[in-house]
Amino acid sequence: MARLNLLEETRYEKLPVTVYADQRTASLAVAARIATLIRKKQAAGEPTVLGLATGVTPIQVYAELIRLHKEEGLSFKGVITFNLDEYYPMKPDAVQSYVSFMNENLFDHVDIDKHAVHIPDGTLPQEEVAAFCLEYEKQIEELGGLDLQILGIGRTGHIGFNEPGSAPNSGTRLVTLDDLTRNDASRDFGGKQNVPTKAITMGVGTIFKAREIILMAWSAKKAPIVRKAVEGEISGEVPATFLQLSDNVEFVLDVDAASGLTRFDTPWLVTDCVWNKSLRKKAVIWLSGEVGKPILKLTEEDYNGHGMAQLAVEQGPVYQINIDIFNQVQHTITGWPGGKPGADDSQRPERANPAKKRSIIFSPHPDDDVISMGGTFIRLVDQGHDVHVAYQTSGNTAVWDDDVLRYMEFAIDFKHSIGEDTAKLQGIYEDMRRFIDTKLPNQIDTPEILDVKGFIRKTEAISGARFAGLPDSNIHFQALPFYETGKTKKNSVGEEDVRLTMELLQGVKPQQVFAAGDFADPHGTHVVCFNIVLAALRRLRETEAWVKDCWLWMYRGAWQEFPTHEIEMAVPLSPAEVLRKRNAIFKHQSQKDRPVFPGDDAREFWVRAEDRNRETAQNYDKLGMAEYAAMEAFVKYHY
């Protein structure tokens, strides 16, 4: 019976999928499989031929292989590797090269014979690339093919650099990179304009010949493309769908990457469910959208025709279910994000007491506060709460070089205007110009340039917070050490990051903490900053009584929004409040028009914010709620 239920749950899935609780657990499992294969081959006196991938996805797999080598004696003698791809053109010693990546993350730390390592050559003259690709294929074939190929998946559905339009029988070749792929790589290259337009990649046909293929994917950012690859029709527009034709493939996912699959997203369509409160709310809101009716107009026929007959039978009549879900959604709406003084708060998202709360808004970058929750920020201040804002990082990598020169020129002119000597400042300015004129893609800026970039963002953040109504004493700049590397790749979180955050929290003793839960941030800073806040609160909870009354609210908006069924507090904004929020965002002039790292959304940040806030309000309206101009959404995190 259990096997039948599993087949029913996975009937939309066209290839084997294994889901792990988190990225680390999944990575350890994949590394263990690779280690087992290597040891088995070594025992038989045979080489192990591995196809390897680059990017963020396999990093923890490689880290575990290094640990197994150093602590458990796993030897890489007799292991032969072929990497999937390399940018073209690309020098092997460039920091963005896959040669550098593989050396840093694996090869320099194990006993592999460097002559057994094969990575496409990004330095070849273009007329020699075709012959190199044929030889690359020949080398794999002469070794009897790949024993195991590991893959990631790009958001275009590419595997390796087999972009949309690739043929299922394609071999190793030179390809043109998709615009979205280059956009995703832009941060590593210091801007999209520096990302190569071409790459050398193993073909889909080459990958197919491997005796075992493991495709790994982590995080909710990958969920939409994973669903297309696993459940969609086979199409050259999503090259990963060709893997459905293989008998030797397995997708290894964490729960977030698997969240878009039917068995996790809409399980009522494939199996009987345990209808708890959250699943019932999600299903009814989904049904409302599917049939295009407000919640209170849903009928038994709607339920029965969309896989929800079990819910109707077990917990009906459906009209009572509708009323319950309608009330739940309606109770998330509040114009009092700090709680309404003197009101019955039993059906409100925030407590009535204390009437005036101490609140801290943690902003990963210097503009996330006003972009993501600017309307709520202003309303909290207007309603008399003691609001603080903490800018967790300087954001000093996200300022254009020409802005630095412009501000330096201003400083020189100002010093000159008040009769002060400008020689030293002029000398620093000339050094900056020389550096910028010869700067390589993603090269670390000089300390002086980084300082000016940080000053630019700091003054903008102060201006935005003042516009929201904060006194200067409530504006805090943490400059957390993990970020202050001068590089786009940041250090790991350290004890000092958590200590500084604990110190700030202890000084304010807030009843409310707002932190960015926008983990779709393509740069990864939001999730790192959230985890620092969470670690600080959990430690303080062990010794500080006030923490027991401190609620943690997550906000989004810069990169995505919470789905409606997850929203626990929705703060409506009037047209005038939308305009006030826009003006607060405008204070961040260095991020306006064209930010350095825009992600894959071409809209300006203020446009993104308004569009998302408007869409949230429209979603509530479609469910049958009152119609508002815009809404900011929050989810309470239970720590």
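Author: A search of the whole structure finds 16 aromatic pairs. Rings of Phe, Tyr and Trp (its six-membered ring) count as a pair if their centres lie within 6.5 Å; planes under 30 degrees apart are stacked, over 60 edge-to-face, and the rest tilted. This is a predicted model: local features need pLDDT of at least 70 and side-chain atom pairs count only at pLDDT 80 or more, while totals for chains, interfaces and linings use all residues. Residues are numbered from 1 along each chain as its sequence is written, and side-chain values use heavy atoms, with hydrogens and water left out.

Reader: How is the aromatic pair of Tyr 87 and Tyr 98 to be described?

Author: A pair of aromatic rings is described by the distance of the centres and the angle of the planes. For Tyr 87 and Tyr 98 the centres are 5.1 Å apart and the planes at 45°, a tilted pair. Tyr 87 belongs to strand S4 (residues 85–88) and Tyr 98 to helix H4 (residues 98–105), so the pair ties together parts 11 residues apart in sequence. Helices (H or I, at least four residues) and strands (E, at least two) are DSSP runs, numbered from the N terminus. Ring pairs also link Tyr 87, Tyr 98, Phe 161 and Phe 189 into a cluster.

Reader: Is Tyr 87 buried or exposed?

Author: Buried means under 20% relative accessible area, exposed over 50%, and partly exposed in between (1.4 Å probe, protein chains only). Tyr 87 is buried at 6%, and Tyr 98 is buried at 11%.

Reader: Why is the pair of Tyr 391 and Phe 477 classed as it is?

Author: The ring centres of Tyr 391 and Phe 477 are 5.2 Å apart and their planes at 25°, so the pair is stacked. Tyr 391 lies in strand S12 and Phe 477 in strand S13, distant parts of the chain 86 residues apart. Tyr 391 is buried, with a relative accessible area of 1%, whereas Phe 477 is partly exposed at 32%.

Reader: What is the strand order of the open sheet?

Author: Strands of a sheet pair through backbone hydrogen bonds, either parallel or antiparallel. Here two strands pair if DSSP finds at least two bridges between them. The open sheet has seven strands in the order S13-S12-S11-S14-S15-S17-S16, with mixed pairing. Strands S13 (475–477) and S16 (569–573) stand at the edges with a single partner strand each, so one side of each is left without a neighbour in the sheet. Strand S12 (residues 386–391) runs parallel to S13, and three bridges join them; Val 389 has Ile 475 of S13 as its bridge partner.
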